[in-house]
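Student: I would like to go through this model with you. Could we begin with the core and then turn to the helix packing?

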Amino acid sequence: MLVACRKRRIPIEDLKEAVERIERDLHHRFEEEIPAPEIGERVLKELSAIDTVAYIRFASVYREFETVADFENVIQQSRTPERAIR
C-alpha cells in the first residue's frame, strides 16, 4: 500500500486506518490462515476509496496488467458512480 501511495498526498493516518479495517475484517471472517487473495482484494477495496491513482498502481501489480487495455478497463471502472471495481 505504501508503494502504491508513494508521492500521493495521502495522510499516513488514512492508510493506518485502512490497514486496521482490513485486519479487523479479515480476522472476523477467518479463524486461522487468511488466503492471500482475500488480503489483496481488501487492499484494492480500501485503496479505491482512498485514492484512484494508488488503486490503479496497486491493481496493475496485483492483477499483473500486461496491456494498455488492462489499464483502460480499470480506469473506466473507477469512473463509475458506485466505483464497482473488479
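**Core and helix packing**

Tutor: The largest nonpolar core has 17 residues, and Cys5, Leu47, Ala54, Tyr55 and Phe58 have the most contacts inside it. Such a core is a set of buried Ala, Val, Leu, Ile, Met, Phe, Trp, Tyr and Cys residues joined through side-chain atoms within 4.5 Å. Buried means under 20% relative accessible area, exposed over 50%, and partly exposed in between, with a 1.4 Å probe and protein chains only. This is a predicted model, in which local features need pLDDT of at least 70 and side-chain atom pairs count only at pLDDT 80 or more, while totals for chains, interfaces and linings use all residues. Residues are numbered from 1 along each chain as its sequence is written, and side-chain values use heavy atoms, with hydrogens and water left out.

Student: Which helix gives the most to this core?

Tutor: H3 does, with 5 residues. Helix H1 (12–29), H2 and H3 each supply at least two residues of the core. Helices here are DSSP runs (H or I, at least four residues), numbered from the N terminus.

Student: What is Ala54 in contact with, leaving aside its neighbours within four places in sequence?

Tutor: Ala54 then touches Ala4, Cys5, Ile10 and Leu47, where contact means heavy atoms within 4.5 Å.

Student: At what angle do H2 and H3 pack?

Tutor: Helix H2 (residues 36–50) and helix H3 (residues 52–62) pack at about 155°, with their axes 8 Å apart. H2 is therefore roughly antiparallel to H3, a term for angles over 145 degrees. Axes are lines fitted to C-alpha atoms over the stretch in contact, and angles run from 0 to 180 degrees between N-to-C directions.

Student: How do the residues of that contact divide?

Tutor: The contact of H2 with H3 has 10 nonpolar, 3 polar and 1 charged. Ala, Val, Leu, Ile, Met, Phe, Trp, Tyr, Cys and Pro count as nonpolar, Asp, Glu, Lys and Arg as charged, and the others, Gly among them, as polar.

Student: And H3 with H4, at what angle do they pack?

Tutor: H3 and helix H4 (residues 68–78) pack at about 145°, with axes 11 Å apart. Thr52, Tyr55, Ile56 and Ser60 of H3 meet Phe71, Val74, Ile75 and Ser78 of H4.

Student: Changing topic: is Arg9 buried or exposed?

Tutor: Arg9 counts as exposed, at 87% relative accessibility. Arg9 lies in the segment before H1, and its C-alpha atom is separated by 9.1 Å from that of Asp51, 42 residues apart along the chain.

Notes:
Parallel < 35°, antiparallel > 145°, perpendicular 65-115°, else oblique.
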